[in-house]
Amino acid sequence: MATRHQARQAVVSLLYAYEMGNTDDAFIDEFLEEKKIRNERKESVIKSFREILATKDKLDEQILQYLKDGDLDKVGIVERNILRLGFYEINEAQTDIAVVINEAVELAKELTSDTSPRFINGVLGALKEKK
């Protein structure tokens with residue numbers, strides 16, 4: 001069974017693919033099968049993915065409050081989607097904020113540039129200070 005971390009990786013990957021124009025439901029099933037994400041974990045990934053898309057504008061507005069330059073378009077696609085997942089988990093899934101920050105930083109280490117983990121940590125850390 002896939003771990004929660006692998007499920008989070010899958011959500012970020014699906015969000016990235018969606019932004020790149022891949023909106024096909026068959027792709028989602030194929031991707032999750034390839035990553036061996038099945039059963040309850042698959043349902044959880046799809047639920048998170050769909051809910052993030054449904055609340056994307058609200059999530060983006062919240063993220064903007066914590067960006068120094070106030071421009072989400074300047075944030076890389078992967079970083080933007082890691083932040084969306086983080087804000088979603090804190091707000092909607094009510095995941096412990098320390099867990100969210102740790103997972104987001106780990107995702108950034110795996111999926112992005114060297115400076116991104118620090119950036120992700122800073123944005124989510126600022127949110128933590130407000131909570």
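Trainee: Is Arg-8 buried or exposed?
Mentor: Arg-8 is buried, as its relative accessible area is 9%. Buried stands for under 20% relative accessible area, exposed for over 50%, and partly exposed for values in between, with a 1.4 Å probe and protein chains only.

Trainee: Before we go on, what sort of model is this?
Mentor: It is a predicted model, in which local features need pLDDT of at least 70 and side-chain atom pairs count only at pLDDT 80 or more, while totals for chains, interfaces and linings use all residues. Residues are numbered from 1 along each chain as its sequence is written, and side-chain values use heavy atoms, with hydrogens and water left out.

Trainee: Back to Arg-8, then. Which side chain does Arg-8 meet in a salt bridge?
Mentor: Arg-8 pairs with Glu-103, at 3.7 Å from N to O. A salt bridge here is a side-chain nitrogen of Lys or Arg within 4 Å of a carboxyl oxygen of Asp or Glu. The two residues lie 95 residues apart, Arg-8 in helix H1 (residues 4-19) and Glu-103 in helix H6 (residues 97-111). Helices are DSSP runs of H or I with at least four residues, strands are runs of E with at least two, and both are numbered from the N terminus. Glu-103 is buried as well, at 14% relative accessibility.

Trainee: How many salt bridges does the structure hold?
Mentor: There are 11. One of them joins Asp-29 and Lys-42, at 3.3 Å from N to O. This pair links helix H2 (residues 25-34), which holds Asp-29, to helix H3 (residues 39-54), which holds Lys-42, across 13 residues. Asp-29 is partly exposed at 38% relative accessibility, and Lys-42 is partly exposed at 24%.

Trainee: What about Asp-60? Which residue forms a salt bridge with it?
Mentor: Arg-84 does, and the closest N and O atoms are 2.7 Å apart. Asp-60 belongs to helix H4 and Arg-84 to helix H5, 24 residues apart. Both residues are buried, Asp-60 with a relative accessible area of 11%. Through shared partners, salt bridges join Glu-19, Asp-60, Arg-80 and Arg-84 into one network.

Trainee: Where do the axes of H4 and H5 run, and at what angle do they cross?
Mentor: The axes of H4 (residues 56-64) and H5 (residues 77-91) come within 10 Å and cross at roughly 100 degrees. Axes are lines fitted to C-alpha atoms, for helices over the stretch in contact, and angles run from 0 to 180 degrees between N-to-C directions. H4 and H5 are therefore roughly perpendicular; that label covers 65 to 115 degrees, with under 35 roughly parallel, over 145 roughly antiparallel and the rest oblique.

Trainee: Which residues make the contact?
Mentor: H4 brings Lys-56, Leu-59, Asp-60, Gln-62 and Ile-63, and H5 brings Leu-83, Arg-84, Phe-87, Tyr-88 and Asn-91. Contact means heavy atoms within 4.5 Å.

Trainee: Changing topic, how many helices and strands does the chain have?
Mentor: The chain has 7 helices and 0 strands. Of its 131 residues, 42% are buried. The C-alpha atoms fill a box of roughly 40 × 30 × 30 Å along the principal axes.

Trainee: How far apart in sequence are the residues that touch?
Mentor: Among contacts between residues at least 6 apart in sequence, 69% join residues at least 24 apart.
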